[in-house]
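Let's walk through this one together, question by question. Have a look first.

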Amino acid sequence: MTLRPRQDADLPTLWRWLHGEENPEWRQWDGPYFLDKPTNLSYAAYLQKAQATEPSLDRQIIALNGECIGMVTRYEEDPAGGGWWELGIVIYDPQHWGAGLGREVLKQWTGRTFHETNAHVITLTTWSGNERMVRSAGRVGYRECARIPEARSWQGKRWDSVKLAILRREWPQD
């Protein structure tokens, strides 16, 4: 499993999971309460848009045996230079869930973010319904730093918004 820049060969897989499938399972866990999910783009429209966007160090492909299975993202919280970075991770295909890949991806992405940026603190935000993400983050060394009770509404229930964090000094030096 590696994290690498997007390649043209990844575009069919990305289109499939982002636009080609009607209701992919991964969307049920990745902030499903946000109703502004991308519309279904044709492959041609997606390809044109993707090829016009340069690959970014802050958006990497999760590759298993060279094949795209997901994506990681990061951005610096305002104000720039303050040292607070927020991470995201998604593994699209449920066949890759539950075997520790997400935990390994989060460990690698956290380490790279501390190595490649000025990060003093790294956070990730999820919701109380995504227990796998909360557990994985805890196993990597993140701790819960905020919980906003019943902040999210999804499928007729209220869920907490959960923010997890790790400080640079808490991250083991390899």
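Buried means under 20% relative accessible area, exposed over 50%, and partly exposed in between, using a 1.4 Å probe and protein chains only. This is a predicted model: local features need pLDDT of at least 70, side-chain atom pairs count only at pLDDT 80 or more, and totals for chains, interfaces and linings use all residues. Residues are numbered from 1 along each chain as its sequence is written, and side-chain values use heavy atoms, with hydrogens and water left out.

Q: Is Arg 4 buried or exposed, and what is its relative accessibility?
A: Arg 4 has a salt-bridge partner, Asp 10, at 2.7 Å, N to O. (A salt bridge is a side-chain nitrogen of Lys or Arg within 4 Å of a carboxyl oxygen of Asp or Glu.) Asp 10 is buried, with a relative accessible area of 4%. Arg 4 counts as buried too, because its relative accessibility is 11%.

Q: How far is Phe 114 from Leu 167 in space, C-alpha to C-alpha?
A: Phe 114 belongs to helix α3 and is buried at 4% relative accessible area. Leaving aside neighbours within four places in sequence, its contacts (heavy atoms within 4.5 Å) include Ile 166, Leu 167 and Trp 171. Phe 114 and Leu 167 are 53 residues apart in sequence, but in space the C-alpha distance is 9.3 Å.

Q: Which residue in β3 is the bridge partner of Ala 63?
A: Two strands pair if DSSP finds at least two bridges between them. Strand β2 (residues 59–64) pairs antiparallel with β1 (residues 2–4) over 3 bridges, and 6 bridges join β2 to β3 (residues 67–76), also antiparallel. Ala 63 in β2 stands opposite Thr 2; in β3, its bridge partner is Cys 68.

Q: Which residue forms a salt bridge with Arg 147?
A: Arg 147 is partly exposed, at 36% relative accessible area. The closest N and O atoms are 3.0 Å apart, and the partner is Asp 160.

Methods. Helix = DSSP H or I, 4+ residues; strand = E, 2+ residues; numbered from the N terminus.
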